[in-house]
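Subject: Handover of a structure and notes on it

Dear colleague,

Please find the structure below, together with its sequence. I would ask you to keep it open while you read the notes that come after it.

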Amino acid sequence: MAVQLAFWVTLVFAVLERTDVDLNLPGWSVDRLADERADRQIPLTDTCASIVWLVLVIAYLPWQHYRSFVPDGTGGDVPVLDPALWNFWLPILIAVPVLCIGLEIVTYRVGRWTWSLVAMNAALNLAFAAPVVWLLLTDRLINPELVRRFDWLAEGDNLDTVTAAVVSGTVLVALWDVVDSAVKAYRSRT
């Protein structure tokens, strides 16, 4: 699809350029570019990296259901996350990163963190982390079939240790993100 798009756009521009069709477009020069804002705190590279990461998270949630690293023995795969979550929780866990992409774009357009953006960031972090932590602590996030496939998970307190590590990581990442945005908002106050 991308090759088709690139080919046809290039072909149209090549034909228009060689046939001297007058498109009544104004002349262009480097002077027409917008000046970069001096007060910009959010670089485009940070925004793009955040969006790419969020897209990967969004893509992984349905992908893990069909392509997992754990074979089921019949040629299929065992999903990492419990398939019962598709009824309610996984759509929410996909919607929150989509909203986070919107927040990244708005933050980039504003050029800096504001306290209202920090509040939105905190709400979105809570909207993602709270269900993940609750589902983990109630043994509803990880597919029970996956736990049965790995003997070491079923032994002793290994599953509880993994759960505690993932809960801790989830809370720490959410807190780090909120604190980081709050510090940036504090530094950019005028």
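The notes below set out what was found, region by region.

This is a predicted model, in which local features need pLDDT of at least 70 and side-chain atom pairs count only at pLDDT 80 or more, while totals for chains, interfaces and linings use all residues. Residues are numbered from 1 along each chain as its sequence is written, and side-chain values use heavy atoms, with hydrogens and water left out.

Helix 1

Helices here are DSSP runs of H or I with at least four residues, numbered from the N terminus. Helix 1 covers residues 2-18, and its 17 residues should span 24 Å at 1.5 Å a residue; the end C-alpha atoms are 24 Å apart, which agrees. The expected span is 1.5 Å times one less than the number of residues. Just after this helix, D20 takes a positive phi of about 50 degrees.

F7 belongs to helix 1 and is partly exposed, because its relative accessibility is 45%. For this term, buried means under 20% relative accessible area, exposed means over 50%, and partly exposed lies in between (1.4 Å probe, protein chains only). Together with W8, L11 and V15, F7 makes a nonpolar surface patch of about 380 Å². Such a patch joins nonpolar side chains (Val, Leu, Ile, Met, Phe, Trp, Tyr) within 5 Å, from residues with over 30% relative accessible area and no salt bridge. The areas come from the Shrake-Rupley method with a 1.4 Å probe, and for residues only the protein chains shown count as cover.

V9 also lies in helix 1 and is partly exposed, at 40%. The C-alpha atoms of V9 and N121 are separated by 38 Å, and the two residues are 112 residues apart along the chain.

Two buried residues

T107 sits in helix 3 and counts as buried, because its relative accessibility is 1%. Not counting residues up to four places away in sequence, T107 touches I42, R112, W113 and L117; contact means heavy atoms within 4.5 Å.

D82 is in the loop between helix 2 (44-66) and helix 3 (89-110). D82 is buried yet has no salt bridge, and the nearest side chain of opposite charge, R140, is 7.8 Å away. Lys and Arg count as positive and Asp and Glu as negative, whereas His and the chain ends are not counted. Leaving aside neighbours within four places in sequence, D82 is in contact with R140, L141, I142, N143 and P144.

Salt bridges

How many salt bridges does a search of the whole structure find? The search finds three, a salt bridge being a side-chain nitrogen of Lys or Arg within 4 Å of a carboxyl oxygen of Asp or Glu.

In helix 5 (residues 144-149), R148 and E145 are three residues apart, which means about one helical turn. Their side chains meet at 3.1 Å, N to O. E145 also pairs with R149 at 3.5 Å, N to O, so that E145, R148 and R149 are linked in a network of salt bridges. R148 is exposed at 57%, while E145 is partly exposed at 28%, and R149 is partly exposed at 36%.

In helix 7 (residues 158-187), K184 and D180 are four residues apart, about one helical turn. They form a salt bridge at 3.3 Å, N to O.

Yours sincerely

Technical notes. Patch = residues over 30% accessible without salt bridge, like charges linked within 9 Å, V, L, I, M, F, W, Y side chains within 5 Å.
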